[in-house]
Amino acid sequence: MEIKRKNKTQLLSKIATNDRYGENSPYFDGWKAYDNNPFHPTQNPNGVIQMGLAENKLCFDLIKKWIMENPDASICTAGGVDKFKDVAIFQDYHGLKEFREAIAKFMGRVGGNKVTFDASRIVMSSGATGANETIMFCLVNPGDAFLVPSPYYPGFARDLRWRTGLEIVPVDCKSSNNFRITRAAMEDAYEKAQKWNLNVKGIIIANPSNPLGTTLDIETMRSLVAFVNEKNIHLVCDEIYAATVFDSPRFVSVAEVIQDMDCCNRDLIHIVYSLSKDMGIPGFRVGIVYSFNDDVMLCARKMSSFGLVSSQTQYLLASMLSDDGFVGNFLRESSKRLAKRHYVFTKGLEQVGISCLTSNAGLFFWMDMRLLLKEQSFEGEIELWRVILNELKLNVSPGSSFQCSEPGWFRVCFANMDDETVEVALNRIRAFVLNRENQESNRSKRCWRKKHLRLSFSSTRLYDETIMSPCMISPHSPLVRAKT
């Protein structure tokens, strides 16, 4: 059997057989547990609730309504079938002109129209996964390194490393300052990489952050741009959650930041974008690479031929995103619904003593479970995660799978379920916390009884030995004082 396995491995490439795909993680184990036992309110009410997938299902009704009112936007309807031939034939890998223009306009609108994106720089890819890998293929050689502020998206281990040969060096961020990215932390990670003889080619960030659900402030963004300029390395900004902001401060794109920086080398700045999170359509596989570097843009466009967006999808979205009224209403309503769902979930947790990092964006929040750990270690975190997954039947993701430097934090996704499922999940968490509190109370009572029982026995022995025994004289006895 071992020889057969070895021969099979020798028939495949090193990329096909290496272990860098990154699925050996509790993050993906939770997904598998859900797939094997998915929750359903009537058919499987005791199943696992999926709270580990960052999916936005809160505004499907708006998209459905628009599609029904605009049948000519799809070539698969009676209203749009006349365009079938034009769209179905071969399309240049630059993409449909209308699609690129609509995407550029949408990116600008999401950023508050503070910057205008050039449609000619829009490079398509099959989702953000493909876009992130494409930009890495353009920037690194096997063995080169990128700095990544932690906690960071577990999929980066797959998207950035698997086929490119890239190494990731975490930039450890701390809860003491709400996991802000500091210059000192970046310098520390850069120095570590150099000690390990790694050639650092850049830093990649997610803004808004996955898993924190926070937006980066302008000063932090400027610090990042200054850092990469001083080191002459690249800055890749993953902005796929840009339109999920539901509270202040607003989202600020790196494209806006560099407009006001005179000493910035724009050839070092690149953006990854997608419609998967902002519009809740990950199945459409729409990813975008936007680079201020001409050479990177041209290289990425050549590579995009391996993972294009279908022309049918481009055609539909070009029409949808060009509808200013729809886009404005969608962005406003999405923000309201995300804010409401975030409030309901975090307030429900707050009622049972569970706090979360203050956040204003994303499809998730960063839950603080440190007080529920039996021991303050990553082993204690994984033990608690197993209880939550196997007993509560909730798939939340432990912080260690995001390379968090501190144990006890968990990412909870809140926009991928209906209101009724939210209540079921909250009830399970409430029951768990109350049960823990009762166990602790009973344990404390037992300890108190044992302690006082020991004291009672100890007091009895003390009385017998010091008062009743003729062989022992108290040091405070008048007889002792008389001898002295």
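This is a predicted model: local features need pLDDT of at least 70, side-chain atom pairs count only at pLDDT 80 or more; totals for chains, interfaces and linings use all residues.
The largest nonpolar core has 81 residues, and Leu235, Leu275 and Met279 touch the most other members. Helix H6 (residues 97-110) gives the most to this core, with seven residues. Domain 1 (26-60 + 329-433) and domain 2 (74-323) each supply at least three residues.

## Aromatic pairs

The structure holds 19 aromatic pairs. One of them joins Phe28 and Trp31. Their ring centres are 5.6 Å apart and their planes stand at 70°, so the pair is edge-to-face. The two residues are three apart in helix H3 (residues 26-36), which separates them by about one helical turn. Phe28 is buried, at 5% relative accessible area. Trp31 is partly exposed, at 26%.

Phe117 and Tyr290 also pair edge-to-face, with 5.1 Å centre to centre and 85° between the planes. Phe117 lies in the loop between H6 and strand S2 (122-126), and Tyr290 in strand S8 (residues 286-291), so the pair ties together parts 173 residues apart in sequence. Phe117 is buried, with a relative accessible area of 8%. Tyr290 is buried too, at 3%.

## Aromatic cluster and a charge over a ring

Tyr27, Phe28, Trp31, Tyr152, Tyr153, Phe156, Phe179, Trp366, Phe402 and Trp409 form one aromatic cluster. Elsewhere, the charged end of Lys231 sits over the ring of Tyr190, 4.6 Å from its centre.

## Backbone exceptions

Most residues other than glycine have a negative phi, and most peptide bonds are trans. Phe179 has a positive phi of about 60°. Its place is the loop between strand S4 (167-172) and helix H9 (183-195). Phe179 is buried, with a relative accessible area of 4%. Asn197 also has a positive phi of about 60°. Asn197 is found in the loop between H9 and strand S5 (200-206). Asn197 is exposed, at 72% relative accessibility.

Two cis peptide bonds deserve a look. Ser150 and Pro151 are joined by one, with omega about 5°. Pro151 is in the loop between strand S3 (145-150) and helix H8 (156-159). Another cis bond joins Ser248 and Pro249, with omega about 0°. Pro249 sits in the loop between strand S6 (234-238) and helix H11 (254-257).

Terms used:
Residues are numbered from 1 along each chain as its sequence is written. Side-chain values use heavy atoms; hydrogens and water are left out. Helices (H or I, at least four residues) and strands (E, at least two) are DSSP runs, numbered from the N terminus. Buried means under 20% relative accessible area, exposed over 50%, partly exposed in between (1.4 Å probe, protein chains only). A nonpolar core is a set of buried Ala, Val, Leu, Ile, Met, Phe, Trp, Tyr and Cys residues joined through side-chain atoms within 4.5 Å. Domain bounds come from an automatic or database domain assignment. Rings of Phe, Tyr and Trp (its six-membered ring) pair if their centres lie within 6.5 Å; planes under 30 degrees apart count as stacked, over 60 as edge-to-face and the rest as tilted. A charge sits over a ring if NZ of Lys or CZ of Arg is within 6 Å of the ring centre and within 35 degrees of the ring normal.
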